[in-house]
Structures are given as structure tokens and as C-alpha cells.
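This report describes a structural model in terms of its helix packing, nonpolar cores and selected loop residues. The model is shown first, and the description follows.

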Amino acid sequence: MGFRLLKRTSGIEKDLDDFLDQVSRSGLLFKSGIDCYLRDNLESFAKKTEEMIDIEHRGDALRRSLETQLYTKTLIPESRGDVLELLESMDRLLDHFKGALWRFDIEHPEICVEYHDDFRELASCGVEAVESTVLSCRAFFKNVDTVADHMHKVMYWESESDKVSTELQRKIFRREDLRLSHKRHLRDFARYLEKIADEAEDVADRLNIYVIKRSI
Amino acid sequence: MFAFFLSSGLFLGWSLGANDAANVFGTAVGSRMIRFATAAVLCSIFVIIGSVVSGAGASETLGKLGSITAIAGAFVVAFAAAVSVYLMTKAGYPVSTSQAIVGAIIGWNLFSGSLTDYDSLTTIVATWVVCPFLSAIFAVSFYKLFVPVIKTCSVSMFRLDALTRYLLILAGIFGSYSLGANNIANVMGVFVPVAPLSDISLFGMVSLNAAQQLFFIGGVAIAVGVFTYSKRVMMTVGEGIFELSPVAALVVVWAHSMVLFLFASQGLKGLLVSHGLPSLPLVPVSSSQAIVGAVIGIGLLRGGRSIRWRLVGGIASGWVATPVIAAGVSFMLLFFVQNVFQQETYRPVTYRVTAENVDRIGRAGMDTGYLAPLVGEEFSRAVDFRDALSRSKGEPVTAGETATVMHYTEVDELEITEEKIAELDTTWITAEQREAVEALTGRVFIHTWRFDEALARLSPQWRLSEHDRDFNRALTNKRQYMYRIFRRHDTASH
């Protein structure tokens, strides 16, 4: 029984790592997808979007498998609810990255060259925030005492994302030569990207509570 | 008939299994870390092993408090304890079987005029008070040791979960063993002096004396309680304790099991004594109070905000209230059974002081000056005899002195007849021992010590050894068996 339980434990840990890898990869893919779009390399952008769909499917499958294992094998009974919520929140972050690429693909926003760097920076802030959340998550499962080492970075990137987004929106609406509909379209995209870091911060806040609950 | 009289003890065993198994396996089962069936099987096996292997220590302490001399009396005492537990539970008081049985024995002592050994009583009550404190100290120490180790090794969440499971199962096994060892005395202790059982040998490898056979039966009753009723209690109590955190819950179960073990293990006591260390008395304690003590210990470690002090007050009141109520219930039931059902609830004892007895007491190394004025007198109640001894001495006689005097003056007529010798269990009594008994055919002994000495003169196999404690224990059991076989049942008429 002893070895079976240890084997089962290492299997779940592997799945969990795999799932968090998918979230992390989706961030990197999102960042390079945005870059392709801004460089008008639509062929590469389409490939990145396809890859993102694969990652999202894989992430969903891993999340479901983890949830099933946690329940059927009655693992970590005291933290199971928190862990399930955490997995779903992380999955939502992955979905958000995919959703963003899809929006670019469907709505094809016309982004003026002078805003390219701002959009890149905004995307980068979101990816960094999510990456720090992924690291916090890994720490939560592996060594709860080191969660704080990553958590503060999430807050930092969220605040950076706010600043960049506000500045970008200000620039957009100060331009006289753009139609209002164009301005509002660009603003929607800026807000959508800004929300990624916001969501990452929400996950980090909940994680903070789980850490307190898990204090031995 | 013996089986019927044993029923009250079996009921106590059942209730112990139904309630206290939750203290050892409740955390694991309540949190669904292990299946109930696995827990019930492990708990039953180890409760029975604990009872048979280590049950004697705590049982001896109860025996010192009061040794029931009639089977109907033992039935009533166990029944009174069960009734008291039921009544107090219904009234919403936290109650322990250990405390109820002690009260019920005192009730029997009062009813039969037997002496209550106040030294033993003080030791027992002091142990009850110490038990939750000790449990709290253990819990805090284990917690302080365990948590830094986990932090240093940075164990992952899932590995810690797996580790906690193993340790909870181990704690449950250890706890079940300790529960059996410590609490079997509550269930079967009062029946030990009156059980008409001789030693049996299992496949020529293991021999079980009368007490161990009783403990086995009691262990089985506990196991039945575990299987039939403990699941519900485990789901409730287990989840309650588990709110702590898995590691803290684990520490609580370990602390509880350790305390029960310390107050039950003759081996550990022997080891401590042999190294000149202070040892703990072997006393049946409350498993639930040990758990509560450990939980409070962890609570205090975390700042003490979540401790329910009313519960603590309830436990403290139980130390006094439960025995007093059980003694009252026991006294009333004994009166009822003796007078309405005409059952002998105690064997009337007569103490006869003769010059010969006094001489023998003198040879045992005691000052017998104050016994001389009592020569020729007879006493039918131990309490009256002790008072007379104290009056004659001019100061209270010690418990040790009283016990020695009573041993040599107690009238317990044994008549050695051929028919009774034929009844002897030849698989247990050796041929040489039997020959010695046969040589005494036709004789009547007024005192058991005279019979012991006559046998000792006839065969070295009837003599106590100077070094072999196991042999002496077995010989004492054989002597008790002989008394039961050869006792004249009209002794009461003396």
C-alpha cells in the first residue's frame, strides 16, 4: 500500500506540473502571437492561435484528470476545495490568453504603429503577472513557505499593467484624427489585455488565503 | 450463569468500542483518508492484542481499590457503571467509563463493608487530573518537533498528505493497542477476581490466564462496538478534530495514544523502575479526555483563542461528579439485587484473631503488640476490623499493615476432598502439584495461607520463587483457582 500511495502521489505531482507548464506556455505563446500580429505576420499569428487551442485543450484535460484524481483517491481532503478552485482559476487565465488571440483574429483591430510598443508592454505585463502566479502556485504545492517570494511580483506586474493601460488609453483618446469607433475599439483591446494581470492578481489574493489556511 | 453475569461487562465493552474507537481512528475515517472497514479491522485486532498482552497493569490497580468477591456483585458494579455513563451522557455531561467504574467499585466497597484503599484512590484521581495535562504537553512537544522537520525537508503538499496517512494509520494502530491495554480494566477488571476460569494453552505455544481470557472476551466486545456503532461517532468526532489541520490532528492522536500507553504498560514501568527513574501508575484513564487535553495543548500553542473553556470545566467536574454518581447508583442497585433478587453480591468475610494467627503475623516481620488484646475476637466487616485495629494501636493502622493482618486472619475454609480433586484441570496443574494436593485429602483449612504453606512444604512447585516473577504470578493464579475449587460454600455462616 505504501509504495502505491507514493507512486500515486508522484503521478499527481507530475500532472500538476504539466498543467502549470501549459499555463506558463500559453503566456509565452500569447506574447509571441501579439508580436506576430503587430508585425503583420498573420501566417505565424494563425499558427500561434492554433497552438494555443491545442494547449488549452491539453490544459482542460489535465485539469479534469487532476480534479477526478483528487476526488476519487480522496487526496488532501482538507485542502481539496481550495486546490480545485485554484486549478480552475489558473485554467481561466489560460482561457483568457486564448480568448485574447481569438479576439485579435476575429476583430482584427487596426493598431496604429505608435501604439505597438504600448500593446507589447501591456501584453508583457500580463504574461509576467501570470508567470509569477504560476511560480506562486508551484511553491504552494511544493514548499508553502516560498509562496511569498513570488506573490509580490504578481502585485507589481498588475500595477505596471494598470499604468501602461491607462497611459495607452489616454494616448488613444487624445488623438484627433481617429474615429470614435476606432478609439473605442482600441480601448476595448487595451482593457481586455489589462484584465489578464487583474485576474492573475485575484488568483494570487485567493492563494494568499489558502497559504494561511495551510499553515501547519 | 457466568456468561449472563458477564453481560454487563460486555455491554460496557461494546459502548467503549462504539465511542472511544473514534478517538483513535476518527480523524483518518472522518476525513476519508482510510476506509471505515480498514480502520475497524485494524482497531479491533489491536484492541484485542492490547487487552490480552498489556491489560493486567491497570486492572491490578482497580483490584487494589476493591476486589469484588461475588459474581453477581461484579455484574451489578459493571451495570451500575454502564447506567451512570448512560444517565450522565443523556444529561449532557462529558463522562468517562474509567471514572464510572471506579465510583461503582467504591459503591460496592461501601455496600459490602470492604475497605477502600485511599492510597489507590488518590493515585487514580490524581492520574485522571494529570492525564489531559500530560496529553497537552505531549501534543505541544510532538508538534514542536514535527513541524520544523517538515519545514526543513520542504515536503510537498501531496507527499505530506501521503505521509500523514501512514502516520495516522500507525497512530490508530498504536492508539487501539493502548486503548485496549488501558481501558480493558474498566470492562473486565471487576470480573477478574470472580472468574471461574483456569489457564488455557493455545497450540502449546501461548498460555492465557483467567484474566487474559476475560480480557480477550472484553476485547471482542469492544471490537463488536467498533464494527456496529463507531462509524457514526467517527464521522462526527473525526471531522471535529480534523478542523485543526492534518498534521495537528495527527499529533493529537499520537499524544493521546502515548498517554494511554504510559498509563498501561507494565513493561515500560518496569524499565523506568529498573533504571531508577520515576514511573507512572498504571491506571485506566479517559481516552476522550486525553484527546481533549491534546487539542487544548495545540490550541494554547496557537494563542488559545479557540479553546472552549466550558468544555474544560465540564471535564474537571467529571473527575468528582462521575465517581460520586456511579457510587450512588452502584450502592442502590446492589441493595436492590441483594434484597429483591436474593443474589449474593459479595462473599461475607470473617476475620478471626487467634494466638496462632498473631504468631504468624509476627513471623511475617510485623509488630504484633497491639493485636494481643484482640485475640479471640471475630469481625464480619473489614471496616469494623480496621477500626478495631486502629483503636487497639492508638493510631490509624497503615494500609499495608491492615492488608497483612487481614490476609492472615481472614476465615476462608477450604476442604480437600477426592471429588473436588477430580475436578482439577490436569492440563494446567502439574502431576507433582496434584500429588501434593492429594496428600492433603480429607483435611480442612480455616485460612488460605495455611493451605498455601501445607502445599509449599509438600512440593517445591507450590513455593514462590525468589527471582522468577512470571512463575510467582502463575502460582498466585493457581492458588486462586484452588481456593475456588476447594472453598466450602457455607463459609458465610461463620
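The model discussed here is a predicted one.

## Helix packing in chain B

The axes of helix 3 (residues 56-65) of chain B and helix 6 of chain B come within 8 Å and cross at roughly 135°. Helix 3 of chain B and helix 6 of chain B are therefore oblique to each other. Their crossing is left-handed. On helix 3 of chain B the contact is made by B:Thr61, B:Lys64 and B:Leu65, and on helix 6 of chain B by B:Ser120, B:Leu121 and B:Ile124. By class, the residues of this contact divide into three nonpolar, two polar and one charged.

A second pair in chain B consists of helix 7 and helix 9, whose axes come within 8 Å and cross at roughly 25°. Helix 7 of chain B and helix 9 of chain B are therefore roughly parallel to each other. Helix 7 of chain B passes helix 9 of chain B in a left-handed crossing. Residues of helix 7 of chain B in this contact include B:Leu167, B:Leu168, B:Ala171, B:Gly172 and B:Phe174, while those of helix 9 of chain B include B:Val253, B:Trp254, B:Ser257 and B:Leu260. The contact of helix 7 of chain B with helix 9 of chain B has 13 nonpolar, seven polar and no charged residues.

The two pairs are set out below.

| Helix pair | Axis distance | Crossing angle |
|---|---|---|
| Helix 3 of chain B and helix 6 of chain B | within 8 Å | roughly 135° |
| Helix 7 of chain B and helix 9 of chain B | within 8 Å | roughly 25° |

## Contact between the chains

How many residues does each chain bring to the contact? Chain B contributes 19 residues and chain A contributes 17 residues. On the side of chain B that touches chain A, helix 6 (118-153), helix 7 (157-188) and helix 9 (246-262) of chain B each supply at least two residues. Helix 7 of chain B provides the largest share of that side, seven residues. The residues of the side of chain B that touches chain A divide into 10 nonpolar, four polar and five charged.

In soluble globular proteins, nonpolar side chains tend to be buried together. The largest nonpolar core of this model has 122 residues, and those with the most contacts inside it are B:Val77, B:Ala81, B:Val251, B:Val252 and B:Val259. Helix 4 (residues 71-90) of chain B gives the most to this core, with 14 residues. Not counting residues up to four places away in sequence, B:Val259 touches B:Cys131, B:Leu134, B:Ser135, B:Phe138, B:Val285 and B:Ala290. Another core, of 62 residues, lies apart from the largest one and has A:Val134, A:Leu193, A:Ala197 and A:Leu207 among its members.

## Chain A overall

Chain A has six helices and zero strands. Along the principal axes, the C-alpha atoms of chain A fill a box of roughly 70 × 35 × 20 Å. Of the 216 residues of chain A, 38% count as buried. Among contacts in chain A with a separation of 6 or more, 80% are accounted for by residues 24 or more positions apart.

## Individual residues of chain A

A:Asp118 is found in helix 4 (residues 116-142) of chain A. Is A:Asp118 buried, exposed or partly exposed? A:Asp118 is partly exposed, with 19 other C-beta atoms within 10 Å; the cut-off for a buried residue is 20 or more. Leaving aside neighbours within four places in sequence, A:Asp118 is in contact with A:Val164 and A:Leu168. A:Asp118 and A:Arg187 are 69 residues apart in sequence and 12 Å apart in space, C-alpha to C-alpha.

The loop between helix 3 (80-107) and helix 4 of chain A holds A:Glu114. A:Glu114 counts as exposed, with 10 C-beta neighbours inside 10 Å. A:His108 is also placed in the loop between helix 3 and helix 4 of chain A. Phi of A:His108 is near 45°, a positive value in a residue other than glycine. A:His108 is exposed, with 10 other C-beta atoms within 10 Å.

A:Asp40 lies in the loop between helix 1 (2-38) and helix 2 (42-72) of chain A. Although not a glycine, A:Asp40 has a positive phi of about 65°. With 8 C-beta neighbours inside 10 Å, A:Asp40 counts as exposed. The C-alpha atoms of A:Glu114 and A:Asp40 are separated by 14 Å, and the two residues are 74 residues apart along the chain.

Notes: Residues numbered from 1 in each chain as written. Chains lettered and ligands numbered in written order. Contact = placed C-beta atoms within 7 Å. Helix = DSSP H or I, 4+ residues; strand = E, 2+ residues; numbered from the N terminus. Nonpolar A, V, L, I, M, F, W, Y, C, P; charged D, E, K, R; others polar. Axes fitted to C-alpha atoms, helices over the stretch in contact; angles between N-to-C directions. Parallel < 35°, antiparallel > 145°, perpendicular 65-115°, else oblique. Left-handed = near helix turned anticlockwise from the far one by under 90°. Core = buried A, V, L, I, M, F, W, Y, C linked by C-beta atoms within 7 Å. Buried ≥ 20, exposed ≤ 12 C-beta atoms within 10 Å, placed from the backbone.
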